[in-house]
Amino acid sequence: MPVSLNMNMSMPSWFDIIGLSPDSQEDEAGIKQAAENVKALIDQEVKNGIPSNRIILGGFSQGGALSLYTALTTHQKLAGVVALSCWLPLRASFPQGPISGVNKDIAVLQCHGDCDPLVPVMFGSLTVEKLKTMINPANVTFKTYSGMMHSSSLEEMMDVKQFIDKHLPPID
């Protein structure tokens, strides 16, 4: 889809990005529509026999942002969220204090490179502080990776694997 920040040129994108500062305008309609699309995917998996509490949402950058937003707004109880190099979109739309939804105790692994020039680590820090006021803070983990830019690393992927192994143990 065309992305404003990319001079309206098309690129893979969940929603439009207008700016990269904490006070930039956000594509509210696009974010909400993308979240509905993900919720429909969850519903389809549930219809296929996967219990929603065996589903972890995850993504990188925009995908991580969408994963967080979807988990905090869905009525399906999820196993967790892996949010890599991202932020919480539409953060001002959430009430102050704890959410009352089914995912108020959801496990979140949020990871960020400390040299990310695109989504600065400060966005990750602000997001984790907001999350800790919304959901059980004991279930929110924030990891940073020295020297990592807007990318991933083996260390980060090993942390993701450990998170998945912990929150989706094998079923006998």
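**A close look at helix 2**

Guide: The axes of helix 1 (residues 28–47) and helix 2 (residues 62–73) cross at roughly 70° and come within 9 Å. Axes here are lines fitted to C-alpha atoms, for helices over the stretch in contact, with angles from 0 to 180 degrees between N-to-C directions. That makes helix 1 roughly perpendicular to helix 2 (65 to 115 degrees). Helices are DSSP runs of H or I, at least four residues, and strands are runs of E, at least two, numbered from the N terminus.

A quick word on ground rules: this is a predicted model, where local features need pLDDT of at least 70 and side-chain atom pairs count only at pLDDT 80 or more, while totals for chains, interfaces and linings use all residues. Residues are numbered from 1 along each chain as its sequence is written, and side-chain values use heavy atoms, leaving out hydrogens and water.

Now the contact itself (heavy atoms within 4.5 Å). From helix 2, Leu66, Tyr69, Thr70 and Thr73 meet Ile31, Lys32, Ala34, Ala35, Val38, Lys39 and Ile42 of helix 1. Sorted by type, the residues of this contact are seven nonpolar, two polar and two charged; Ala, Val, Leu, Ile, Met, Phe, Trp, Tyr, Cys and Pro count as nonpolar, Asp, Glu, Lys and Arg as charged, and the others, Gly among them, as polar.

Helix 2 is mostly covered, with 11 of its 12 residues buried (under 20% relative accessible area, 1.4 Å probe, protein chains only). Among the buried ones are Gly63, Gly64, Leu68 and Leu72. Their cover includes helix 1, strand 3 (56–60), strand 4 (80–84), strand 5 (107–113) and helix 3 (121–134).

Methods: Angles under 35 degrees count as roughly parallel, over 145 as roughly antiparallel, 65 to 115 as roughly perpendicular and the rest as oblique. Buried means under 20% relative accessible area, exposed over 50%, partly exposed in between (1.4 Å probe, protein chains only).
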